[in-house]
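Try each task before you read its solution.

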Amino acid sequence: MENVTDRTSNPFGMRPPCEASCSTDVPAVFGYGDANADFHVIGDHPGVHGGRETGVPFTGPDASPAIRRVLSEVGFADDPGDVPELENCFLSYLHMCCPPDGRDPAPEEYHDLEPFFDAELRAIAAHVLLPVGPRATEHVIEEYTARASKLEIDMAALHATEIRGSGFLVVPVRDPSEWTGNDADQLVERLRSIRARDYRETADLSRFLGTDELYYVR
């Protein structure tokens with residue numbers, strides 16, 4: 001799919017039921033980046049992965065700059081700053097609302113926002129999902145792969161590995177606050193390796209057209 005939209009922030013006009021608890025003028029840290037991206041980075045919520053002050057996922061004083069450095073080094077971001085220009089990469093959160101009082105969202109709050117997250121994920125239709133941290137990784141594995149009850153969520157072991165999902169390639173990312181040693185280098189190497197090969201999962205429906213035109217869909 002190409003040219004879904006050229007909007008960078010909240011490209012599909014999500015309107016989740018959020019309280020006005022962000023520092024920005026909007027009630028949530030919406031999805032941000034290239035809405036036509038093949039790579040979708042998925043964090044937990046603004047309270048742990050940043051964006052309360054900037055409105056951009058994985059940015060601001062509460063966010064580790066490690067993810068932004070990786071995106072820049074791989075070539076997804078023009079720079080590792082707070083308002084990067086992204087190409088072929090989209091950033092979003094499981095829970096886009098800013099939880100009040102700095103607490104984690106309650107289970108029912110995650111549940112309430114799941115339809116918004118799922119709708120945006122399927123609208124982006126990226127080929128590679130990069131869940132960051134244990135909660136995002138567990139959710140992505142349960143919902144978008146066939147390995148829900150068979151895989152232990154050991155982020156140190158899963159970091160920068162590849163899991164084939166239901167139409168997606170999943171690359172779990174250890175929470176940047178816990179990175180040690182060569183965790184960053186492993187992720188950069190993995191992403192470069194994926195980009196260097198044909199990672200897209202598509203179906204050829206050309207035979208149904210009755211012409212010589214090629215027609216591929218996700």
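This is a predicted model: local features need pLDDT of at least 70, side-chain atom pairs count only at pLDDT 80 or more; totals for chains, interfaces and linings use all residues.

**Exercise 1: A charged residue in a loop**

Step 1. Buried means under 20%, and exposed means over 50%.

Step 2. A patch residue needs over 30% relative accessible area and no salt bridge. Asp-79 belongs to a negative surface patch, together with Asp-78, Glu-85 and Glu-87.

**Exercise 2: The disulfide**

Find which cysteines form a disulfide, and describe the link.

Step 1. The structure has one disulfide. A disulfide needs two cysteine sulfur atoms within 2.5 Å. The sulfur atoms of Cys-18 and Cys-97 are 1.8 Å apart, and these two residues form the disulfide.

Step 2. The angle about the S-S bond is -70°, and the link of Cys-18 and Cys-97 is left-handed.

Step 3. Cys-18 lies in the segment before strand 1 (32-33), and Cys-97 lies in the loop between strand 3 and helix 3 (107-124), so the pair ties together parts 79 residues apart in sequence.

**Exercise 3: Cysteines and cover**

Are Cys-18, Cys-97 and Cys-89 buried or exposed?

Step 1. The cut-off for buried is under 20% relative accessible area.

Step 2. Cys-18 has 17%, so Cys-18 is buried.

Step 3. Cys-97 has 6%, so Cys-97 is buried.

Step 4. Cys-89 has 0%, so Cys-89 counts as buried.

How values were computed:
Residues are numbered from 1 along each chain as its sequence is written. Side-chain values use heavy atoms; hydrogens and water are left out. Patches are made of residues with over 30% relative accessible area and no salt bridge: like charges are joined within 9 Å, nonpolar side chains (Val, Leu, Ile, Met, Phe, Trp, Tyr) within 5 Å. Accessible areas come from the Shrake-Rupley method with a 1.4 Å probe; for residues, only the protein chains shown count as cover. A salt bridge is a side-chain nitrogen of Lys or Arg within 4 Å of a carboxyl oxygen of Asp or Glu. Lys and Arg count as positive and Asp and Glu as negative; His and the chain ends are not counted. The place of a charge is taken as NZ of Lys, CZ of Arg, CG of Asp or CD of Glu. Helices (H or I, at least four residues) and strands (E, at least two) are DSSP runs, numbered from the N terminus. Buried means under 20% relative accessible area, exposed over 50%, partly exposed in between (1.4 Å probe, protein chains only).
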